[in-house]
Amino acid sequence: MTALLGFELVPETGAFHPKVLAALGFIILCAYTFGEIAQRVGLPQVVGYITTGVLFGPHLTKLIWNDRVQALFNDDVVDEIKLINGLAIGIIGLTAGGELKIHELRKDARSIGAIITAQTLIIPVLVGGGIIALGKVFPDTLPFLDSTTALAAAALMFGTLAVGTSPATTLAVVTETHAKGPLTNLMLGSVISKDVSTVLVFLVALQFAAIMVTGSSFDAGAIAWELGVSILLGCVMGGVIILYLRYVNAELVLFTVTLVFVGQAVAQQYHLEALLAFIVAGFIVENFGFGDQGDRMIHELERLALPVFVVFFTV
């Protein structure tokens with residue numbers, strides 16, 4: 001199969017691309033294998049998935065062969081499976097929101113607030129300061145930042161982005177290990193809450209960076225629209241899930257996949273924060289659903305999570 005892909009002996013037939021399916025199947029098998037190996041040596045399976053993406057992806061191939069196209073998992077394949085990434089973002093967001101329980105957030109509110117505040121204040125200063133120092137001491141490393149204003153704007157953006165942590169990795173490890181307890185609750189609460197707050201901080205930082213570079217004015221309305229409508233979309237999706245679980249409660253996997261794709265399409269159409277919307281939806285179901293609807297939603301998401309996470313982390 002590798003030879004066929006490398007010498008492009010597999011033909012394309014219209015919109016159907018056998019190379020994509022062949023590469024995807026091979027990568028999934030390799031990811032599962034590397035995930036099992038990682039687990040045997042005491043590491044999370046997600047380490048194996050990421051290792052698979054590095055070994056067979058376009059970046060390492062370019063370093064070795066100076067040609068990204070020869071990669072088994074090349075840029076064309078990555079572009080073709082963006083649909084799976086969208087599904088993964090939806091599952092991650094719904095699962096993350098479902099892990100946010102109001103009574104636990106209230107109990108850990110002071111600790112979560114201290115963690116988020118400390119990281120939001122310290123990390124941007126360290127990372128942003130490092131970017132500015134790098135640009136001043138070694139200007140040739142950042143030739144595209146040829147002015148102090150552009151360098152400051154880049155430092156602001158990189159510092160803001162550095163605050164964010166991936167809830168996907170945390171959820172994958174917690175799901176795999178079935179971790180429970182106060183420390184797990186605090187970790188999930190702080191990671192997911194920080195991810196939500198980082199969206200707001202990033203949008204504000206983006207506005208200030210645009211002002212510094214282009215001289216445009218601060219547009220609070222754009223931030224309010226993006227955040228407000230994203231939260232509204234999440235509330236609507238959460239309400240739809242609650243009603244479906246109460247009155248239909250059948251083919252939950254198919255319903256979940258459909259809802260995720262519809263939510264992604266709406267978010268893309270109106271330039272909304274899809275991950276934030278799905279987190280809100282999961283939060284609504286967990287805290288305002290009937291009975292054990294939140295637990296049932298998490299159970300169905302876990303059935304989808306493993307194969308989707310394999311592709312998501314490998315890519």
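## Close-up views of the pocket, cavities and helix contacts

**View A. The lining of the largest pocket comprises eight nonpolar, seven polar and eight charged residues.** Nonpolar covers Ala, Val, Leu, Ile, Met, Phe, Trp, Tyr, Cys and Pro, charged covers Asp, Glu, Lys and Arg, and polar covers the others, Gly among them. The model is predicted: local features need pLDDT of at least 70 and side-chain atom pairs pLDDT 80 or more, whereas totals for chains, interfaces and linings use all residues. Residues are numbered from 1 along each chain as its sequence is written, and side-chain values use heavy atoms, with hydrogens and water left out. The volume of the largest pocket is about 430 Å³. Its lining consists of 23 residues, of which Glu99, Lys101, Val174, Ala179 and Lys180 are the closest to the pocket centre. Two or more lining residues come from each of helix H6 (82–98), helix H7 (102–107), helix H10 (167–177), helix H11 (182–214) and helix H15 (293–314). Of these elements, H11 gives the most, with four residues. Helices are DSSP runs (H or I, at least four residues) numbered from the N terminus. On a 1 Å grid over the protein atoms alone, a pocket is an open set of points with protein on both sides within 12 Å along at least five of seven lines, a cavity is a set where a 1.4 Å probe fits but cannot get out, and lining residues have an atom within 4 Å of a point. A volume is the space filled by probe spheres set on the points, which are joined across faces, edges and corners.

**View B. The largest cavity has a volume of about 100 Å³.** The structure holds two cavities of 30 Å³ or more. Lining the largest cavity are Leu94, Ile241, Leu245, Leu252, Phe255, Thr256, Leu259, Arg296, Met297, Glu300 and Leu301. At least two of the lining residues are supplied by each of helix H12 (220–247), helix H13 (252–269) and H15. By class, eight residues of this lining are nonpolar, one is polar and two are charged.

**View C. The second largest cavity contains about 40 Å³ of space.** Its lining is formed by Ile91, Thr95, Thr175, Leu301, Glu302, Ala305 and Phe309. H6 and H15 each contribute at least two residues to this lining, and H15 gives the most, with four. The classes represented are four nonpolar, two polar and one charged.

**View D. Helices H10 and H11 cross at roughly 160°, with their axes coming within 10 Å.** H10 is therefore roughly antiparallel to H11. Axes are lines fitted to C-alpha atoms over the stretch in contact, and angles run from 0 to 180 degrees between N-to-C directions. Angles under 35 degrees count as roughly parallel, over 145 as roughly antiparallel, 65 to 115 as roughly perpendicular and the rest as oblique. The crossing of H10 and H11 is left-handed (the near helix is turned anticlockwise from the far one by less than a right angle). The contact (heavy atoms within 4.5 Å) involves Pro167, Thr170, Leu171 and Val174 of H10, together with Thr184, Met187, Leu188, Val191 and Asp195 of H11. Six nonpolar, two polar and one charged residues make up the contact of H10 with H11.

**View E. Helix H14 (residues 274–288) crosses H11 at roughly 135°, the axes coming within 10 Å.** H11 and H14 are therefore oblique to each other. Their crossing is left-handed. H11 makes the contact through Ile192, Asp195, Val196 and Val199, and H14 through Leu275, Leu276 and Ile279. By class, the contact of H11 with H14 has six nonpolar residues, no polar residues and one charged residue.
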